[in-house]
Amino acid sequence: MIAQRITNLKKFMSQLLVGENFDSFWLSEATITTGNTFIIDGTLHPDFFSEEAREILDRCHRTHSLWKEMKPFCYSIIRGKQTPLQFKFVFRLSYEKIRYAVIESGISLDPDQINGLFLNIQYNSGQLVCTTGTSVSTFSLDKSLDQMWDRMVLQFFLENDIDCEDLS
């Protein structure tokens, strides 16, 4: 796990809420506190969708909303004259991207044993911190998955010109 403090908050928020950099992440959950607290569970409910849409979701193993689908709702809550008291977004990497990353990295872990690779974005008291996390269905002392995910997130930050400093 790594923890990175975002040093250019305005630029990051523009990338997060207006830009497309984070659009392909799945939204696991969002909590935004202004005058009220808004909680969004990004888990999809298959029964809501048509049979055709469910088949598409099943084919790509998609279980959560894309950030690009939920971003307008979150943006409408956050934008305004006052800064939110706090917010937290928990993003997760898609099933296909997890499979690809594990295969490409040569990690000796079955991708189906990975419950999720997470990027947590948390704003509180004027600071924005991003942390990584992993969840697997089996116990292992091997930290290669954690290290791979940490490297991927740092590379994502570098490629998207996200200014940060290490807190780990």
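Start by selecting Asp23, which sits in the loop between helix H1 (9–17) and strand E2 (26–33). Helices here are DSSP runs of H or I with at least four residues, strands are runs of E with at least two, and both are numbered from the N terminus. This is a predicted model, in which local features need pLDDT of at least 70 and side-chain atom pairs count only at pLDDT 80 or more, while totals for chains, interfaces and linings use all residues. Residues are numbered from 1 along each chain as its sequence is written, and side-chain values use heavy atoms, with hydrogens and water left out.

Stay on Asp23. Its relative accessible area is 13%, so Asp23 is buried; buried means under 20% relative accessible area, exposed over 50%, and partly exposed in between, with a 1.4 Å probe and protein chains only. Now show Lys71: the side chains of Asp23 and Lys71 make a polar contact at 2.8 Å. A polar contact is a pair of N or O atoms within 3.5 Å; within protein, one must be able to donate a hydrogen and the other to accept it, and residues adjacent in sequence count only if both atoms are side-chain atoms. Leaving aside residues up to four places away in sequence, Asp23 touches Leu66, Trp67, Lys68 and Lys71, where contact means heavy atoms within 4.5 Å.

Next, select strands E2 and E3. E3 covers residues 37–41, runs antiparallel to E2 and is joined to E2 by five bridges; two strands pair if DSSP finds at least two bridges between them.

Move to helix H1. Its buried residues are Phe12, Met13, Gln15, Leu16 and Leu17, and they pack against strand E1 (3–6), H3, E5, E6 and E7.

Then look at the largest nonpolar core, which has 39 residues; those touching the most other members are Phe12, Leu16, Phe22, Phe89, Phe91, Leu119 and Ile121. H5 gives the largest share of this core, six residues. A nonpolar core is a set of buried Ala, Val, Leu, Ile, Met, Phe, Trp, Tyr and Cys residues joined through side-chain atoms within 4.5 Å. Select Ile121 and its contacts: beyond four places in sequence, they include Phe12, Leu16, Phe22 and Val129.

Turn to helix H4, where Ile98, Ala101 and Val102 are buried. Viewed down the axis of H4, the buried residues fall within an arc of 95°, so they line one face of the helix; the arc is that of the directions from the helix axis to the C-beta atoms. Among what covers these buried residues are E6 and H5. On the face turned away from the buried side, look for the exposed residues Tyr100, Ile103 and Glu104. After H4 comes Gly106, with a positive phi near 80°.

Finish with the aromatic rings, which form 13 pairs. Rings of Phe, Tyr and Trp (its six-membered ring) pair if their centres lie within 6.5 Å; planes under 30 degrees apart count as stacked, over 60 as edge-to-face and the rest as tilted. Select Trp67 and Phe91: this pair is edge-to-face, at 5.0 Å centre to centre and 65° between the planes. Trp67 lies in helix H3 and Phe91 in strand E5, so the pair ties together parts 24 residues apart in sequence.
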